[in-house]
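Please look over the strands and turns of this chain. The report below takes them one group at a time.

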Amino acid sequence: MSTQFNEWDILFHNFFYPTSGFGSAATTKQSHPLNIYHDEAGLYFEIACTGLTKNDVSIGIEDDLLKISYDKPEEKEIHPGTIHRGLSKKAFKLGYKISSKYDLTKTDGKLENGLLEIFIPIAEKAKPKTIKIK
């Protein structure tokens with residue numbers, strides 16, 4: 001059974017940026033490369049974290065907010081023989097208000113090959129149920 005979601009029910013984008021106006025993730029330009037999608041199992045985030053380790057990135061949950069951040073340490077001096085600097089580990093702070101349809105207490109995350117994957121399952125109370133007729 002396919003469940004239809006209104007984009008506003010899923011999440012609001014970028015809680016940390018007051019100029020974002022809390023536009024939905026589908027209509028707001030993202031400040032950091034990521035994918036967000038859902039299916040009948042839950043909500044998925046894929047966030048680019050090139051060159052970062054799991055100790056560099058922080059994932060936090062506060063009430064119905066999912067917070068993901070990386071604080072860039074002081075930059076070391078640029079090598080004097082540098083010809084081009086195309087790789088950059090930019091700091092980011094992302095925040096998403098997650099619908100009660102999802103169970104934030106069961107959030108799971110892993111960082112592998114430069115991609116942070118976060119999964120939030122649909123809450124048991126929000127899953128479709130079949131009622132037995134007596």
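Where does N113 lie? N113 sits in the loop between β7 (108-112) and β8 (115-121). Strands here are DSSP runs of E with at least two residues, and they are numbered from the N terminus.

This is a predicted model, in which local features need pLDDT of at least 70, side-chain atom pairs count only at pLDDT 80 or more, and totals for chains, interfaces and linings use all residues. Residues are numbered from 1 along each chain as its sequence is written, and side-chain values use heavy atoms, with hydrogens and water left out.

Most residues other than glycine have a negative phi. N113 is not a glycine, yet its phi is positive, at about 55°. D63 is also not a glycine, and its phi is positive, near 55°. D63 belongs to the loop between β4 (57-62) and β5 (65-70). Are these residues buried or exposed? D63 is exposed, with a relative accessible area of 72%. N113 is exposed too, at 79%. Exposed means over 50% relative accessible area, buried under 20%, and partly exposed in between, with a 1.4 Å probe and protein chains only.

β4 and β5 form a hairpin with two residues between them. D63 is in that turn. Two strands count as paired if DSSP finds at least two bridges between them. S58 stands opposite S69 in β5. β5 also pairs with β6 (residues 92-98). There, L66 has Y96 as its bridge partner. How many residues of β5 are buried? Five of its six are, so the strand is mostly covered.

The pairings compare as follows.

| Strands | Sense | Bridges |
|---|---|---|
| β4 and β5 | antiparallel | six |
| β5 and β6 | antiparallel | six |
| β7 and β8 | antiparallel | five |

**The open four-stranded sheet**

β7 and β8 belong to an open sheet of four strands. The order is β2-β3-β8-β7, and the pairing is antiparallel. β2 (34-38) and β7 stand at the edges. Each has a single partner strand, so one side of each is left without a neighbour in the sheet. Neighbouring strands of this sheet are turned by 15° against each other on average, direction ignored. The axes behind that angle are lines fitted to C-alpha atoms, and angles run from 0 to 180 degrees between N-to-C directions.
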